[in-house]
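Good morning, and thank you for coming. Please look at the structure on the screen, and I shall take you through some of its strands, helices and charged pairs.

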Amino acid sequence: MPMLSENHDLVLSESRGAVRILTFNRPERLNAWTPDLGRRYFDLLEEADRDPSVRVVVVTGAGKGFCAGADFQALAAVGAGEVPDGPGFELDPRPTTFPITLRKPVIAAVNGACAGLGMVYALVCDLVFTAEDAKWTTAFSRRGLIAEYGLAWILPKLAGQARAMELLLSGRTFPGSEAYALGLACRAVPGERVLDEALAYAEELATHSSPASMAVIKRQVWDDWERGLDESRDRAVMLMRESFGQPDFSEGVASFLERRAPGFRPL
């Protein structure tokens, strides 16, 4: 089964305690996206979401890139009217925004080139840590394309309409330090530290934050983009009342009073 083995190598999976590390693994192509890579990534996300030992997922890239967008060989074939078909090119029914549907936090550690679809992959994670010198670009307008995969919806909510419009229309390249200033990343650090910083934060979540609370908060934040303030407030009141009857609330209070690390149950 050589194809299966090759596909499995496209995204590597490693556990570090309660943190699952997924690494895009096409370093010779700056981890450019292919349908096989996307499918393998989503399969591993599903696996991590089901695994009770996993509390947080960190996604990064091997080598000098995070994900340089769609593979240009595939794009060139499409541009020539040769729509890829056959093994490795079947459409995945899961949308590009699939990571936001998981119950567990997904953190992107952007270590290098983050372009086009790679930028979408980063921004549909719940948090982004970026190398200060990582090269970011929407890229689409410079390839004769449009704002793909929901980026025209996500980007204005993170950076504001004017800044999002500027990035999308120009397709210019900007550094991770600017991505942080624009609100696309929560931290920008020297490149050699980006994965360690993301892992340290993930391990803190895994140790001190309730998995059930994180799952509900993640849904609140993503879903409330589409709700009004009153609806968001009323739903939060309902969810808060529900949380009072859960074991994690009792454990959270007890661990605080007893000055010890909490022993929250897995999902």
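This is a predicted model: local features need pLDDT of at least 70, side-chain atom pairs count only at pLDDT 80 or more; totals for chains, interfaces and linings use all residues.

Valine 11 has phenylalanine 24 of strand β2 as its bridge partner. Valine 11 belongs to strand β1, residues 11-16, and six bridges join β1 to β2 in an antiparallel arrangement. The two strands form a hairpin with two residues between them. In the turn, glycine 17 has a positive phi of about 65°.

On its other pairing, β2 is joined by six bridges to strand β3, residues 56-61, and these two run parallel. Here leucine 22 has valine 59 of β3 as its bridge partner.

How many of the six residues of β2 are buried? Six of the six are buried, so β2 is largely enclosed by the rest of the structure. Val19, Ile21 and Thr23 point one way from the strand, while Arg20, Leu22 and Phe24 point the other way. Both sets are buried.

Let us turn to another sheet. It is an open sheet of four strands, in the order β4-β6-β8-β9, with mixed pairing. Strands β4, residues 65-67, and β9, residues 174-175, stand at the edges with a single partner strand each, so one side of each has no neighbour in the sheet. The partner of β9 can be seen in the pairing with strand β8, residues 135-137: two bridges join them, and they run antiparallel. Within this pair, tryptophan 136 has phenylalanine 174 of β9 as its bridge partner.

As a general point, nonpolar side chains in soluble globular proteins tend to be buried together.

Val194 leads us to the helices, as it is one of the buried residues of helix α8. This helix covers residues 194-208, 15 residues in number. From its first C-alpha to its last it reaches 21 Å, close to the 21 Å expected at 1.5 Å a residue. Besides Val194, the buried residues of α8 are Ala198, Leu199, Ala202, Leu205 and Ala206.

My last topic is charge. In general, side chains of opposite charge can pair when their charged atoms come close. A search of the whole structure finds 22 salt bridges, and I shall show three of them.

In one, the side chains of arginine 94 and aspartate 92 meet at 2.8 Å, N to O. Arginine 94 counts as buried at 17% relative accessibility, whereas aspartate 92 is partly exposed at 23%. Both residues belong to a network of salt bridges that links Asp43, Glu46, Asp92 and Arg94.

Another salt bridge joins arginine 227 to aspartate 224, where the closest N and O atoms are 2.7 Å apart. Here arginine 227 is partly exposed, with a relative accessible area of 24%, and aspartate 224 is buried, with 18%. Finally, glutamate 258 forms a salt bridge with arginine 260, the closest N and O atoms being 2.6 Å apart. Arginine 260 is partly exposed, at 35% relative accessibility.

Thank you for your attention.

Key
Residues are numbered from 1 along each chain as its sequence is written. Side-chain values use heavy atoms; hydrogens and water are left out. The expected span of a helix is 1.5 Å times one less than its number of residues. Buried means under 20% relative accessible area, exposed over 50%, partly exposed in between (1.4 Å probe, protein chains only). A salt bridge is a side-chain nitrogen of Lys or Arg within 4 Å of a carboxyl oxygen of Asp or Glu. Two strands pair if DSSP finds at least two bridges between them.
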